[in-house]
Amino acid sequence: MVKKKLKNKKASPKKTKAVSKRDTLFAPWRLNYIKGARDGVKQDCVFCWAAQTGPSMETLLVHQGSQCSIILNKFPYNNGHLMVIPHRHTADFDGLTRDEFEEIHQLLKLAYQAIKRAYNPQGLNVGLNLGRVAGSGIDDHLHYHLVPRWGGDTNFMPVIAHTKIISESLDDTFEKIKKAIDEIRRN
Ligand SMILES: [Zn+2]
């Protein structure tokens, strides 16, 4: 959609302004999202939107469970950086239900196995940043990070200080992780 807008802009900047505004107001994905919105979902939250819309390269959601999902980080700290989210819009770690807590851990294990299979890292950081001062970019919807690590990539402090050393595209990451998850689940 962004590409389309840029293209239009070149052809006719004046017209594009109106189209672009309408696009923002009437984007189909938004309508579906608003129609499908239910309790525990926040409009304009990218995790809520992904959980409602389902797995695709656009949402970056690579595996959908019943109450939680595995999603790619759009701004990865390393190749293969995944996250596990509850579908419910919450930042309250204390308030996770027993079922959510259990599924989060099942998906952390599945994500861990998929990263190992697809990337064979030497190590892995698994963690939760609660609150903006703790380094959370989206601090109102809880998300666990899984960051594959290799000797000499960076050390942990630059990782949490948002240093990035990325070499592959998100599409490639999506394909690799999806393939690995499919293989693991078949076995
Ligand atoms: Zn949310």
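This is a predicted model: local features need pLDDT of at least 70, side-chain atom pairs count only at pLDDT 80 or more; totals for chains, interfaces and linings use all residues.
1. Start with the helix pair. Two packed helices are described by the angle between their axes and the distance between the axes. For H5 (residues 98-119) and H7 (residues 170-186), the angle is about 115° and the axes are 8 Å apart.

2. How do H5 and H7 lie relative to each other? They are roughly perpendicular, because angles of 65 to 115 degrees count as such. Their crossing is right-handed.

3. Now look at who touches whom. H5 brings Leu 110, Gln 113, Ala 114, Ile 115, Arg 117, Ala 118 and Tyr 119 to the contact. From H7 come Thr 173, Lys 176, Ile 177, Ala 180, Ile 181, Glu 183, Ile 184 and Arg 185. Sorted by type, the contact residues are 9 nonpolar, 2 polar and 4 charged.

4. The structure has 1 cavity of 30 Å³ or more, and the largest cavity holds about 50 Å³. Its lining has 12 residues, with Pro 76, Asn 78, Gly 80, Leu 170 and Thr 173 closest to the centre.

5. What kinds of residue line the largest cavity? The lining splits into 4 nonpolar, 7 polar and 1 charged. Keep an eye on Thr 173: this residue lines the cavity and also belongs to the H7 side of the helix contact.

Note on methods
Residues are numbered from 1 along each chain as its sequence is written. Side-chain values use heavy atoms; hydrogens and water are left out. Axes are lines fitted to C-alpha atoms, for helices over the stretch in contact, and angles run from 0 to 180 degrees between N-to-C directions. Helices (H or I, at least four residues) and strands (E, at least two) are DSSP runs, numbered from the N terminus. Angles under 35 degrees count as roughly parallel, over 145 as roughly antiparallel, 65 to 115 as roughly perpendicular and the rest as oblique. A crossing is left-handed if the near helix is turned anticlockwise from the far one by less than a right angle, and right-handed if clockwise. Contact means heavy atoms within 4.5 Å. Ala, Val, Leu, Ile, Met, Phe, Trp, Tyr, Cys and Pro count as nonpolar, Asp, Glu, Lys and Arg as charged, and the others, Gly among them, as polar. On a 1 Å grid over the protein atoms alone, a cavity is a set of points where a 1.4 Å probe fits but cannot get out, and a pocket is an open set with protein on both sides within 12 Å along at least five of seven lines; lining residues have an atom within 4 Å of a point. Grid points are joined across faces, edges and corners, and a volume is the space filled by probe spheres set on the points.
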